[in-house]
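Visitor: I'm new to this one. Can you walk me through it?
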Amino acid sequence: MLRWLVAVLSHSCFVSKGDSMFYAVRKGRRTGVYRTWAECQEQVNKFPSARFKKFATEKDAWAFVGQQPPEPAGAHSPPAETQENSSQREEPEINVLCCNTCKRPYEQSANEEHVAKRVKQDEVYSAPTVSEDKFSYMGDFAVVYTDGCCSSNGRNRARAGIGVYWGPGHPLNISERLPGRQTNQRAEIHAACKAIEQAKSQNIKKLIIYTDSKFTINGITSWVDNWKTNGWRTSSGGNVINKEDFERLDNLSKGIEIQWMHIPGHAGFRGNEEADRLAREGASKQKS
């Protein structure tokens, strides 16, 4: 009896010891607090806008979930889990494709040849600090959706906009008119640039960018290094049309680890649909 009581008290203790951590899932397949990353990952992997976080204490983990910790049932009880409210509908899983080269190094090699462009004072992005629990995460990576659009693309009356979506009602959600040349490809690139600027303003070191633009993903993960080596010329010898845009994106990608994830457009995924809506709203605005 005494051994059982000691075990129960040890199980319910809020302070984790050694490397023991608590993984809180606020939004996922099943909300609750888990003792291993593998269990947590089952609930959040490929779950759109999942919200979860690692804590050193069980008390803080349950506070993040927004529930009270359950009463211990016994010394060998499994990790406490609670079923998500049945009135909440599970969003569809995202079947994303990620290039093998999509992870960009957090620190650049000292031998890498890179000339940083001077940024004009009026181009420096600033934003109010947003609390960490306002962001959605996959592991240690904050998640953002970006999109660009352009009506009458390729014509004189073209109007392009960018959309950046961090989550429902998030203070960093952006809907802006694209400056300069109005094209769909430029809008897609600049939407990603804006998301990275925002992430850096919040001291985010790891970022997952969901975009339906394979052109942007291929450009920044595969083509840009060859373009720089070839003096910003394509494999056929022509000039890279969006050179300045990709230079900006490449420069912004330094000092932050980014995973580029392709998501099919107009397929019913909320994050992508919201980013698209913001982009379309931005296209209707006047140039700043």
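Visitor: Let's start with asparagine 272. Is it buried or exposed?
Guide: This is a predicted model. In it, asparagine 272 is buried, because its relative accessible area is 3% and buried means under 20%.

Visitor: Where does asparagine 272 lie?
Guide: In helix H7, residues 270-283.

Visitor: And which side chain does the asparagine 272 side chain make a polar contact with?
Guide: That of aspartate 212, at 3.4 Å. Asparagine 272 also touches other residues, including Tyr145, Asp147 and Pro264.

Visitor: What does S8 pair with?
Guide: Strand S5, residues 141-151, pairs with S8 in the parallel sense over four bridges. There, valine 143 has isoleucine 208 as its bridge partner. S8 also runs parallel to strand S9, residues 257-262, with six bridges joining them. Threonine 211 is bridged to histidine 262 in S9.

Visitor: Now rings. How many aromatic pairs are there in the whole structure?
Guide: A search finds seven. One of them is phenylalanine 215 with phenylalanine 246, edge-to-face, 5.5 Å centre to centre and 65° between the planes. That pair links helix H5 to helix H6, with the two residues 31 apart in the chain.

Visitor: Is phenylalanine 246 buried or exposed?
Guide: Buried, at 0% relative accessible area. Phenylalanine 215 is partly exposed, at 22%.

Visitor: Which residues do ring pairs link into a cluster?
Guide: Phe215, Trp223, Trp227, Trp232 and Phe246.

Key:
Residues are numbered from 1 along each chain as its sequence is written. This is a predicted model: local features need pLDDT of at least 70, side-chain atom pairs count only at pLDDT 80 or more; totals for chains, interfaces and linings use all residues. Side-chain values use heavy atoms; hydrogens and water are left out. Two strands pair if DSSP finds at least two bridges between them. Buried means under 20% relative accessible area, exposed over 50%, partly exposed in between (1.4 Å probe, protein chains only). A polar contact is a pair of N or O atoms within 3.5 Å; within protein, one must be able to donate a hydrogen and the other to accept it, and residues adjacent in sequence count only if both atoms are side-chain atoms. Contact means heavy atoms within 4.5 Å. Rings of Phe, Tyr and Trp (its six-membered ring) pair if their centres lie within 6.5 Å; planes under 30 degrees apart count as stacked, over 60 as edge-to-face and the rest as tilted. Lists of a residue's contacts leave out its neighbours within four places in sequence.
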